[in-house]
Each structure stands twice: as structure tokens, then as C-alpha cells.
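The exercises below are meant to be worked through with the sequence and the 3D view side by side. Try each task before reading the solution that follows.

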Amino acid sequence: MTNKRVFIKGILNKATWNTSDNEVTPEAVFKSRRQIIKTLGLGAVGASLSTNVNAGLIDLFGDSKPAEKFTIKPLDFSENQAFKISEQLTPETKVTSHNNFYEFGTSKSNPIENAQGLKVEPWTLTIDGEVDHPITLNYDDLYKIVALEERTYRLRCVEAWSMVIPWVGFSLADLIKKAAPNSKARYVAFETLYDPEQMPGQRNRFVGGGINYPYVEGLTLAEAMNDLSFLAVGLYGKTLPPQNGAPIRLVVPWKYGFKSIKSVVKIRLTDKKPPTSWNLLASHEYGFYANVNPNVDHPRWSQASERRIGAGGLFSAKRIPTLPFNGYGEQVANLYKGLDLRKNF
Ligand SMILES: Nc1nc2c(c(=O)[nH]1)N[C@H]1C(S)=C(S)[C@@H](COP(=O)(O)O)O[C@H]1N2
Ligand SMILES: [Mo]
């Protein structure tokens, strides 16, 4: 599949489906696809093109909604000085083009290439389970339920690269308090949108990296109520692009990036520890806590240092030491008193 995609990208100018800087009508795209089909001698499958439902063919083109353009809007927010850091920000172009969002494919460029057609309006986010006041938020509520603030956080992926990102959003605790957890609530479970029609990785195990969708994550209630736990609705002062988890995603900066679940539709307070996607996929490699820890290596690589992504490419990025709890120990270490962090990785 990779070879086919490279081949096709070689023939077709990338700008034809990447409409971020030029406008292409669906008709123009359809015509250029017909051209490729002819070039490749794939006439027999050409008939199914217009229906846009042949999963194999969509994979071949790596993109099911080539002509869509996602709308980004400016946001009103205040700066929260308590969560500003002096480290150099990762350029916006890198934050929005080097992503993990397996629902849209497993390579770093797949999310920006394949997610531009994501529909976020309407959106429904529910907060329920062990609460006295379940909440249902629609798209507009996401930007109004709590006053928006900007915070700059480090993001450390388990793959040993990192970024510094200015997020806009609100404290997770503020939302959870509105739902009024009852005495049984001990954990908070999160779920990403499940919509295979929009998400090619959910239609095909290979495209989606073998994850059983929907992508799910979880925190203890104490972690969720910590000041650092954040729900982001924007970055760099604007609404989130789809590849970063539009319209709303979790950001827990002291944990490996995979805990920061994207495009959230459900938040459920539970009495039992919820399942988490990467733990389900490989439990010996990815734990429930997933706190950034330079002293506990991944079974297949060291976690002692990381590549901080700046203006250059990934392999020109500076290698820096990884800090316990990603440098947020002062805020969160007390959550894990008496816990063996080697066993509870
Ligand atoms: N639903 C969903 N959420 C996800 C992922 C994913 O594949 N699906 N990838 C995670 C991983 S591994 C990382 S490192 C971060 C990346 O966030 P970013 O692309 O905004 O930098 O998102 C996390 N959230
Ligand atoms: Mo990650």
C-alpha cells in the first residue's frame, strides 16, 4: 500500500488534494482521478469512484475527501501566566503537520493530508456516568462552557520526540465540577468520535494501525482534577485544526502524548479503571498511567532523552534530556506517592 501511494503521489501534483493553499473543485479532483485511473489501467474500478465508498480505492488515493477545506476561526481568550514557559515554541507549521492521529493513518503526514474533511459541526460532547448533573454540550457550547485561556505546555510523545505548544482551552476540572461527580466516581473515561465514513483508519485495520476503535483513554479522578489537565479547543490562538483533534481534545502534559486523546465525544465518570487504547494493543509497552519517566525505558527504546522539534526536520532536532513527569513534577508528583512507578508505568 505504501508503494502504491508513493507512486500515485509521484504522478499527481500533491496540491490537487491538499487544498490548504489553493482551491480545487470536486469536479477537478474527480477528473484528475479519472486521469490516474486511466494511466494506471484501472478502468474496471473507475465506475465505483463516484460513489466514493470503495475502501480499497480510497486507500489507494490515501484520502477520501480531497476537496474539503477545514475552517479555522480566531478565538477570544486570556493568557494564563501561571502556565507559560520560557522554552521556544514549536512552529505552528510543525505542530499542525507532524501528528499522530491513527484514525487518519499511521504516518506523521497522514493526519494533515486526510483529516481536512472532518465535520465538527454539529458536535456533541456528553459528560455522564457517576455524576449528579450529566451535561450535553454542542459545538458552540465548547467555546462558552468555561472562559477560554491560553497555556503553553510541553508535549512528549512516547516515540521520544517533543514539542512546545500554545493551547487555548479550559481546565478539565472546571467542566467535571459542573457535572458534580458522586461518591462512586474514581476514574474518568474518554472516547474519540467513531465515524468510519470520515476516518479511513477506522475502516481498515492496516490504515488504522491495528487499534480497535473508537480510541479510548482514561485518568484517575485525582489526575483529571489536577490543575494541569486541560481540554484544548484551539492552538496558536485559533480553533484546532482537525489533525490536532478538532473540535476538542485532552492535554495532559506530564504523560506521554497518547494519553492526550483527540476529537472527544464522551467523558464518563466511572467506579472502575477504564480501558485505554494503547494498553489494549500492547499492555507490556503502554501502561494506564503513562507518566513521562526517563528512568523507565520503553521495551524497544530509551526514554532518557527526546528530540525537541523546532524549525528544522525531525532528525536535525536537538536531543535534550527527558525530565520526570515531563518537567511537571512539582504539580503532579504528589498524585503518585507510595506508587511504584516502575510497575505502574
Ligand atoms: N483519537 C486519537 N487521539 C490521539 C492519537 C490518536 O491516534 N488518536 N494519538 C496520540 C498521540 S500518540 C500523540 S503523540 C498526540 C499527538 O498530538 P498532536 O498531533 O496534536 O501533536 O495525540 C494523541 N491523541
Ligand atoms: Mo505519541
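## Exercise 1: Arg 308

A polar contact of 2.9 Å links the side chain of Arg 308 with that of Ser 162. The model in which this contact is found is a predicted one.

## Exercise 2: Ala 160

Task: Find the loop that holds Ala 160, and state how far apart Ala 160 and Ala 304 are in sequence and in space.

Solution. The loop in question runs between strand 4 (149-156) and strand 5 (161-171). Ala 160 and Ala 304 are separated by 144 residues in sequence, while their C-alpha atoms are 8.6 Å apart in space. When neighbours within four places are set aside, Ala 160 is in contact with Gln 303, Ser 305, Glu 306 and Arg 307. Ala 160 has a relative accessible area of 10%, so it is buried.

## Exercise 3: Gln 116

Task: Which partners does the side chain of Gln 116 reach, one through a backbone oxygen and one through a side chain?

Solution. First locate Gln 116 in the loop between helix 5 (110-114) and strand 2 (124-129). The side chain of Gln 116 comes to 2.9 Å from the backbone oxygen of Ile 112, and a polar contact of 3.1 Å connects it with the side chain of Gln 243. With residues up to four places away not counted, Gln 116 touches Glu 68, Lys 69, Phe 70, Pro 111, Pro 242 and Gln 243. Gln 116 is buried, because its relative accessible area is 19% and the limit is under 20%.

## Exercise 4: Backbone geometry

Task: Where is the cis peptide bond with omega of about 5°, where is the one with omega of about -5°, and what is the phi of Ser 263 and of Asn 326?

Solution. The cis bond with omega of about 5° joins Glu 121 and Pro 122, and Pro 122 lies in the loop between helix 5 and strand 2. The cis bond with omega of about -5° joins Ala 246 and Pro 247, with Pro 247 in the loop between strand 9 (238-239) and strand 10 (249-251). Turning to phi, Ser 263 has a positive value near 45° and sits in the loop between strand 10 and strand 11 (264-270), whereas Asn 326 has a positive phi of about 55° and sits in the loop between strand 13 (318-321) and helix 10 (329-332).

## Exercise 5: Ligand 1

Task: How many residues surround ligand 1, and how much of its accessible area does the protein cover?

Solution. Ligand 1 is surrounded by 16 residues, the closest being Asn 99, Tyr 102, Glu 103, Asn 244 and Lys 262. A polar side-chain atom of Thr 192 is 2.9 Å from a nitrogen atom of ligand 1, and a polar side-chain atom of Arg 249 is 2.9 Å from an oxygen atom of the ligand. Of the 530 Å² of accessible area that ligand 1 has on its own, the protein covers 98%.

Technical notes
Residues numbered from 1 in each chain as written. Chains lettered and ligands numbered in written order. Predicted model: local features only at pLDDT ≥ 70, side-chain atom pairs only at ≥ 80, totals over all residues. Heavy atoms only, no water. Near = heavy atom within 4 Å. Polar contact = N/O pair within 3.5 Å; in protein donor to acceptor, adjacent residues only side chain to side chain. Areas by Shrake-Rupley, 256 points an atom, 1.4 Å probe, with all protein chains shown as cover. Helix = DSSP H or I, 4+ residues; strand = E, 2+ residues; numbered from the N terminus. Buried < 20%, exposed > 50% of the residue type's maximum accessible area, 1.4 Å probe, protein only. Contact = heavy atoms within 4.5 Å.
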